[in-house]
Amino acid sequence: MTPTVSNQLPTDLQALVNQTIKSLKDLVPPTPSFVSDEIQDAVFEAVDAIDKDMRALNLAIHDNPELGFKEVKAHANLVAALTKLGFTLSNPSSLPTAFVATYTHGKGGRVFGFNSEFDALKDVGHACGHNLIAVVGVAAAAGLKAALKARNIPGTVKLIGTPAEEGGGGKVILLREGVYDDLDACAMAHPGGGYGPSPWAGSVTVGGPATLARAGFEIEFHGRGAHAGAAPWMGINALDAAIQGYTAVSMLRQQLEPTMRVHGIILGSERWAQNIIPNYAKVSYSTRALNVKDCLTLRKKTIACFQSAAEATGCTIEISTPEDEIYADVWNNEPMALSYAAFMEKTFGDKIQREGLGTASTDYGNVTYRLPAFTPNFAIPSPLGSGNHTAGFTESAGKPEAHRLAMKVAKGLAVIGAKFLSDDEFAKETKKAFEQWKKGLGEPQAPAVSDEFEML
């Protein structure tokens, strides 16, 4: 009689093997999962279908640059495009050029938001590529809307139009006025220079700040005018005070940490004449540092340079430190950021850098302090030396290749939005990671941010 060979292990040994396998799996970081092919197809088809319209919208914004809070044409074009795409438009804020575009499918579900910026810079236009940021937001929202409909996923998509990122803190104002209150998570993307054939696809920093915090201030100096030839001793020179403070700040820079920045300009020349002792001058400055607390400490030191100069010259001063000009450092939500990076690499072959500190600042940092959010950077081809805030980058931001890359990024953002709305476990992980970071319980580098929440 042939003996029977069993493939079954004894129960206690099988349990031990299972536990060992589980323990080993716990040591390996999980591979981010993605959405179904049906959801991805719905997103891609929707974005591709509106590509020509998005290119026209992109150029309409790019070729008509408008400064912060005055983005009238951009606002009108964005609202028209979103209305055509089936979104409900509203503006629950005090900012005339802000908007919220909303689409809800079914009942219940979570709310995922995107952000569009559309203000330009003085003299150099869309040198930060906000025309691209605007259409990435619209296309991503349209892609996610299509996914909800195609797969009958309950949830809400919102696109928030945020004015005045380049100065004025549009998102800071919208946060204060409750515009973000009902969002469960949100995303946006920002272009940067990719020299020559674009050696890097983009980045989405995790485990540390992605940008520096920034705090702005202005100081007005009031002196006394006098004839510069006949009686200069009768004057109190406000320009001297501004220059003395400027020089003191330049000396302060020698003792700053490598990640700290101080930069600014002297204003008031429209009131000056070369034969009159200037009775007025103004400085406009910003400080930057790794976090809000250090940034405000640095701002205090910088202001002291100008206060001392005013006292030395006999001027009086007025100091303005608007809360809307405090931009927090960006902290990308790790589950969403890593899933985005993995998706872009798997789908498009883009190698997304996961670490590195950008020394720019954005009011989107304040959003990342309030709810789970992330913002990848993506590279567009630009000439060597033509990084953001240069005329060369303005030209690059209007090119067809920049638009093509923006639409690819929009697909990635929409897929992560669909993952968040359709995958309960992923949404839970996303929110848990945010709460841990907020309490300082996440990565060792993460701060305990309670004090900074109070500052923002």
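This is a predicted model: local features need pLDDT of at least 70, side-chain atom pairs count only at pLDDT 80 or more; totals for chains, interfaces and linings use all residues.
Begin by selecting the six strands of the open sheet, which run in the order β1-β2-β4-β3-β5-β14 with mixed pairing. At the edges are β1 (88-90) and β14 (373-374), each of which pairs on one side only. In general, strands of a sheet pair through backbone hydrogen bonds, in either a parallel or an antiparallel sense. Next, select residues 110-117 and 185-187: these are strands β3 and β5, and they pair in the parallel sense over three bridges. Within β5, C186 is the bridge partner of G113.

**A buried serine**

Now select S286, located in strand β10 (residues 280-289). Is S286 buried or exposed? Its relative accessibility is 6%, so S286 counts as buried. Display the side chain of R214 as well: a polar contact of 3.1 Å joins it to the side chain of S286. Beyond its neighbours within four places in sequence, S286 is in contact with residues including A215, G216 and H263.

**Aromatic pairs**

The structure holds 15 aromatic pairs. Select Y340 and F374, a tilted pair with 5.8 Å from centre to centre and 55° between the planes. Because Y340 lies in helix α9 (residues 334-348) and F374 in strand β14, this pair ties together parts that are 34 residues apart in sequence. Y340 is buried, with a relative accessible area of 2%, and F374 is buried at 0% relative accessibility.

Continue to Y369 and W437, an edge-to-face pair with centres 5.1 Å apart and planes at 90°. Y369 belongs to helix α10 (residues 364-370) and W437 to helix α13 (residues 424-438), so that the pair links parts of the chain 68 residues apart. Y369 is buried at 0% relative accessible area, and W437 is buried at 9% relative accessibility.

Then select F217, F221, Y285 and F306, which ring pairs link into a cluster.

**Charges over rings**

Finish with two charged side chains. The charged end of K145 sits over the ring of Y103, 5.0 Å from its centre. R271 lies over the face of Y280, at 3.8 Å from the ring centre.

Terms used:
Residues are numbered from 1 along each chain as its sequence is written. Side-chain values use heavy atoms; hydrogens and water are left out. Two strands pair if DSSP finds at least two bridges between them. Helices (H or I, at least four residues) and strands (E, at least two) are DSSP runs, numbered from the N terminus. Buried means under 20% relative accessible area, exposed over 50%, partly exposed in between (1.4 Å probe, protein chains only). A polar contact is a pair of N or O atoms within 3.5 Å; within protein, one must be able to donate a hydrogen and the other to accept it, and residues adjacent in sequence count only if both atoms are side-chain atoms. Contact means heavy atoms within 4.5 Å. Rings of Phe, Tyr and Trp (its six-membered ring) pair if their centres lie within 6.5 Å; planes under 30 degrees apart count as stacked, over 60 as edge-to-face and the rest as tilted. A charge sits over a ring if NZ of Lys or CZ of Arg is within 6 Å of the ring centre and within 35 degrees of the ring normal.
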